[in-house]
Amino acid sequence: MEPCPCGSGLAYAACCEPLITGEKSAETAQELLRSRFSAYARKIVDYIVDTTHPEQQEPDSRKTVEKWAGQTEWLKLDIVECVAGGIGDEEGEVEFKADYTEKGKRRKHHELAKFKKKDGRWYFFDAGTPQIKQFVRTAPKVGRNEPCPCGSGKKYKKCCG
């Protein structure tokens with residue numbers, strides 16, 4: 001049993017393959033994103049182009065996708081967050097991170113993918129950069145020269161810092 005490239009933990013034959021071969025359609029935006037990742041990993045250009053919203057397809061889409069897919073090896077997909085994109089929705093967003101190699105160099109891709117339905121079928125519509133979420137400290141900040149919070153009596157910089 002070959003594992004699915006999308007990282008679902010399922011076998012490819014039970015996960016993304018039925019979507020890519022057209023046996024069934026994606027029911028959610030996340031399902032479509034996972035299958036598109038698997039298609040990139042397996043270099044199935046037709047599926048990537050066919051699941052791009054018709055309004056967003058360029059005349060040279062196939063050539064562009066084919067070139068990029070040929071230069072990359074997709075390694076890992078992590079879904080960060082999904083907003084809408086369910087069975088009853090018409091639009092949805094999926095934030096994800098993906099690891100890949102391009103020209104021998106390991107890289108990370110972080111994207112907010114937007115999906116829309118047309119005639120009851122999900123399509124990739126657009127992509128953007130996710131908003132950076134500000135880090136909020138929950139504990140008080142400990143300065144280098146303050147006593148270490150571990151209770152050792154030493155300065156923080158000489159103990160746990």
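In the charge count used here, Lys and Arg are positive and Asp and Glu are negative, while His and the chain ends are left out. On that basis, the protein has 28 positive and 25 negative charges, and their mean positions lie 14 Å apart. The model is predicted.

**Fold and overall shape**

- The protein contains 4 helices and 4 strands.
- Along the sequence, these elements follow the pattern α-α-α-α-β-β-β-β.
- The protein is more spread out than a compact globule, because its radius of gyration is 21 Å, well over the 15 Å that the globule rule gives for 161 residues.
- Taken along the principal axes, the box filled by the C-alpha atoms is roughly 65 × 40 × 35 Å.

**Burial, contacts and surface**

- Buried residues make up 34% of the 161 residues of the protein.
- Among contacts with a separation of 6 or more, 42% are between residues 24 or more positions apart.

**Salt bridges**

- The whole structure has 7 salt bridges.
- One of them pairs arginine 42 with glutamate 2, with the closest N and O atoms 2.4 Å apart. This pair links distant parts of the chain: arginine 42 belongs to helix α2 (residues 29-42), glutamate 2 lies in the segment before α1 (17-20), and the two are 40 residues apart.
- Arginine 42 has 31% relative accessibility and so counts as partly exposed. Glutamate 2 is also partly exposed, because its relative accessible area is 48%.
- Aspartate 78 and lysine 76 form another salt bridge, in which the closest N and O atoms are 3.6 Å apart. Aspartate 78 is partly exposed at 33% relative accessibility, and lysine 76 is partly exposed with a relative accessible area of 41%.
- Arginine 107 forms a salt bridge with glutamate 102, and the closest N and O atoms of this pair are 3.5 Å apart.
- Arginine 107 is partly exposed, with a relative accessible area of 35%, whereas glutamate 102 counts as buried at 14% relative accessibility. The cut-off for buried is under 20% relative accessible area.

Conventions. Residues are numbered from 1 along each chain as its sequence is written. This is a predicted model: local features need pLDDT of at least 70, side-chain atom pairs count only at pLDDT 80 or more; totals for chains, interfaces and linings use all residues. Side-chain values use heavy atoms; hydrogens and water are left out. The radius of gyration is taken over C-alpha atoms; the globule rule is 2.2 Å times the number of residues to the power 0.38. Buried means under 20% relative accessible area, exposed over 50%, partly exposed in between (1.4 Å probe, protein chains only). Contact means heavy atoms within 4.5 Å. The place of a charge is taken as NZ of Lys, CZ of Arg, CG of Asp or CD of Glu. A salt bridge is a side-chain nitrogen of Lys or Arg within 4 Å of a carboxyl oxygen of Asp or Glu.
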